[in-house]
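Welcome, and please open the model in your viewer.

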Amino acid sequence: MYWYVASPAPEGKPSVADKPELAEMFHNWPAPIPELIAATDAANIIKTDLYDRPPIPKWSQQNITLLGDAAHPTLPTMGQGACMAIEDALAVTQCLLKHSEPTAAFRQYESMRLLRTKKIVEQSLLIGKVARLQNPLVAAMRNTFMKFLSQQFEKDYKTLHAYKVTVY
Ligand SMILES: Cc1cc2nc3c(=O)[nH]c(=O)nc-3n(C[C@H](O)[C@H](O)[C@H](O)COP(=O)(O)OP(=O)(O)OC[C@H]3O[C@@H](n4cnc5c(N)ncnc54)[C@H](O)[C@@H]3O)c2cc1C
């Protein structure tokens, strides 16, 4: 189990200092957020920068290919990075079982996976940008808008999670 907090900060200088500061920032948030922070051993809190990269159109060269974060590093706003890595692993395995030539297998693997992962990387970036809006008026509008969109989000996530890796 894990939790995370993200906030804008200069590279290499995480803006949240330590557990007491986190506990103070989130003390009036709904349960179980303050409880989770309180139950976490300070030594287990990792402070690090988050990076993504614009999607690239090709992951393979000859008998080498990439999968997971190496192929499509993404922000964790949708919680999909590891999910995509697992999907990639299944897709590349099925393609390698189907084709005797790695180049043919990797061509099919890329054609199956590029579009889905590109969409998730771009959507994760957009969600991060919307979440970080600082202007109080714009942020209030965002918060209201989000409440109306909650059912749509639920539907979108169901579609996202219904994805099946299928090699034809
Ligand atoms: C805060 C946060 C929250 C997240 N939440 C979620 C979530 O809820 N759901 C989700 O699906 N994803 C989530 N992710 C994303 C997820 O953690 C990554 O997408 C996933 O770990 C990528 O897996 P990977 O195997 O591609 O890469 P990694 O997990 O980075 O594995 C690569 C491994 O290779 C090792 N390595 C690197 N170089 C070498 C070398 N030269 N020789 C040998 N080994 C090497 C590294 O040490 C590492 O162990 C989150 C990420 C963050 C940062």
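Start with a cartoon of the whole protein, which is a predicted model. Colour it by secondary structure, and you will find five helices and zero strands; from the N terminus on, the order reads α-α-α-α-α. The radius of gyration is 19 Å, well over the 15 Å that the globule rule gives for 168 residues, so the protein is more spread out than a compact globule.

Next, colour by burial: 17% of the 168 residues are buried. If you draw contacts with a separation of 6 or more, 54% of them join residues 24 or more positions apart.

Now for the core. Select Trp59, Leu67, Ala71, Ala91, Val92, Cys95, Ala105, Phe106, Tyr109 and Met112, the 10 residues of the largest nonpolar core.

Leaving out residues up to four places away in sequence, Ala105 touches Cys95, Leu96, Lys98 and His99.

Finally, move to the ligand. Select Tyr4, Leu50, Gly68, Asp69, Ala70, Pro76, Gly79, Gln80, Gly81, Ala82, Cys83 and Ala85, and you have the residues that surround the ligand. Colour this shell by residue type: seven are nonpolar, four polar and one charged.

Key
Residues are numbered from 1 along each chain as its sequence is written. This is a predicted model: local features need pLDDT of at least 70, side-chain atom pairs count only at pLDDT 80 or more; totals for chains, interfaces and linings use all residues. A nonpolar core is a set of buried Ala, Val, Leu, Ile, Met, Phe, Trp, Tyr and Cys residues joined through C-beta atoms within 7 Å. A residue is buried if 20 or more other C-beta atoms lie within 10 Å of its own, exposed if 12 or fewer, and partly exposed in between; C-beta atoms are placed from the backbone. Two residues are in contact if their C-beta atoms, placed from the backbone, lie within 7 Å. A residue is near a molecule or strand if its C-beta atom, placed from the backbone, lies within 6 Å of it. Ala, Val, Leu, Ile, Met, Phe, Trp, Tyr, Cys and Pro count as nonpolar, Asp, Glu, Lys and Arg as charged, and the others, Gly among them, as polar. Helices (H or I, at least four residues) and strands (E, at least two) are DSSP runs, numbered from the N terminus. The radius of gyration is taken over C-alpha atoms; the globule rule is 2.2 Å times the number of residues to the power 0.38.
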